[in-house]
Amino acid sequence: MTAVPPWDAFTAAEAEVRAMVADPRWQRLPLPDRAHVLAARILVTPDGDRWLFGAHARWHLLDPADGRWHLAPPARRVRARQVGHATTTLPAAVVPQGHDFHAEPGSTQAFVGPDVPESLTEQLRLLLRASGRKSELDYPLTAFGEIFASDVPSTVAAVWGTIMWCAYAPAFDGNERLITVFGEYLRRPLPGDEWVRWLPAPPLLDLVTLVAERLRAGRSRAALRLAAVMADAAQILLLDTRFRPRALALLTMVEPMLRTARPEDFRGEFTSGLHSAYQDAAGNGSLTGPHGRSRDSRADSQGDFQGEDAALREAWLERVPARLCRALLVENDAEAHFSHTVYDLVDALSFMPDPPAAAATFLADLSDSRRMLPGRLDHRLRMAYEELARAGRVGTSAADSTEPDGFPARTGGLAPEPALEVTPPDRASAAAVLGAAYAMGLAWGRLTGAKVPERGLASQSALVRKIVHERDDHHTGHI
């Protein structure tokens, strides 16, 4: 006889809410009515914590101190009972809209341990080889100059930028072939060491700039080629769930450009919603510079160019369907993105006896001289973090400085050991923790301007030292 798993209140409540949100009538309900049916399904655990399965198909925990709801995964195998809750205290932000329950499933795993699929790497290698044959005169490097030599065409940067932007957490094995194939184009060694490359995650604006600059120069076909390279790379990246959500989002941004074949129609892609005076002037021959402007006006117009690039970025983002909204939080809402990465980290640590305490050891590595972090944490995480603070164990990576050109400087030596030893049961769990922790560090950087040290945060580095012998294991679980 097949064993029946014990009934779990959290699993049952989640299934019930999912069924309600999947009903076509859900989106037609007024917000107060949706909040009412959710409030009736709130769970309370023996310690008094109140839990709600709500927006983004994720759990939310009520902070008893201030009444705010925080994204937080519940502990497993904990008893809970359903209780009523005042509807008026449920903010709209925790009530599902409907589309947020259809997010593209992804993976929080880093590229340390489980390799990128060989078929994916080979396809990108071929795309990179073709991109490297382009002339830097036709495709000047207008972004990613801190990564590539000045004579590298922007088509190469388009491949790299697509990989890094689509990656949930761009931490790679030092010998990952997907990264080593770029070796001949690099300006200098990448951050990290032979074990792990902790790579910077570029903003979408860097990809947009590659295309926008060619449009300003009147080189519509070159801009179209760059967009096609990004689309080709994103299409290949769909094979790995660690890239898939943002790869889908990027495809929806650039494909409308690729459906427009004529250069004159494609030029309208850039001017839609933007100021086009520079194009009008170029048409009557008054502008002569390589970007459609006179040399004397180029410096003065730098701010205009940045504004035009930002407007084009907004046009790209507006094309993405609502169901992919969580993949774009990294661009649209740095605060919410950080909260989701903290959620992912606690969830990835579910194998630990006390996941919030384990997560606090990773949070303790963040540089937070302005004390911005505690107020962004739920009360369980906050208490664990403040306990580490009282012990002088926070900000363990804060002493690392950064070089003027953006890469964190080498500080030498090994990072200090974390306050709590994290022992993943297998390499897949270790990769998930590393990925979630690195994504959390990058999200904190976007939110506060803090830099991630070149060799990773202290707790990440300590975990890497335990699993380096597994870095060449065969890839599993991402196709």
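Asp151 counts as partly exposed, because its relative accessibility is 48%, and the cut-off for exposed is over 50%. In this predicted model, Asp151 is placed in the loop that runs between helix H3 (118–132) and helix H4 (154–166).

Pro140 and Asp151 are separated by 11 residues in sequence, and their C-alpha atoms are 7.9 Å apart.

## Overall architecture

The protein has 479 residues, of which 52% are buried. Its secondary structure consists of 18 helices and seven strands.

Contacts between residues at least 6 apart in sequence show how the chain is brought together. Of these contacts, 74% connect residues that are at least 24 apart.

## Salt bridges between separate parts of the chain

The structure contains 21 salt bridges. One of them joins Glu16 to Arg41, with 2.9 Å between the closest N and O atoms. Glu16 belongs to helix H1 (residues 9–22), while Arg41 lies in the loop between H2 and strand E1 (42–44), so this pair ties together parts that are 25 residues apart in sequence. Glu16 itself has a relative accessible area of 33% and is therefore partly exposed.

Another salt bridge connects the side chains of Asp193 and Arg455, at an N to O distance of 3.0 Å. Asp193 is located in the loop between helix H5 (177–180) and strand E7 (196–198), and Arg455 in the loop between helix H17 (427–448) and helix H18 (458–467); the pair therefore ties together parts that are 262 residues apart in sequence. The two partners fall into separate accessibility classes: Asp193 is buried, with a relative accessible area of 17%, whereas Arg455 is partly exposed, at 34%.

## A buried salt bridge and a network

Asp240 and Arg242 also form a salt bridge through their side chains, with an N to O distance of 2.8 Å. Asp240 is buried, with a relative accessible area of 0%, and Arg242 is likewise buried, with a value of 1%.

## A buried arginine without a salt bridge

Arg34 is part of helix H2 (residues 31–39). This residue is buried but has no salt bridge. The nearest side chain of opposite charge belongs to Asp100, which is 7.3 Å away.

Which residues is Arg34 in contact with, leaving aside its neighbours within four places in sequence? These contacts are with Trp26, Leu29, Val95, Pro96 and Gln97.

## Aromatic rings

The structure has 11 aromatic pairs. Ring pairs also build a cluster, whose members are Phe10, Trp51, Phe53, Trp59 and Phe101.

How values were computed:
Residues numbered from 1 in each chain as written. Predicted model: local features only at pLDDT ≥ 70, side-chain atom pairs only at ≥ 80, totals over all residues. Heavy atoms only, no water. Helix = DSSP H or I, 4+ residues; strand = E, 2+ residues; numbered from the N terminus. Buried < 20%, exposed > 50% of the residue type's maximum accessible area, 1.4 Å probe, protein only. Contact = heavy atoms within 4.5 Å. Phe/Tyr/Trp six-rings, centres within 6.5 Å; stacked < 30°, edge-to-face > 60°. Lys, Arg positive; Asp, Glu negative; His and termini not counted. Salt bridge = Lys/Arg side-chain N within 4 Å of Asp/Glu carboxyl O.
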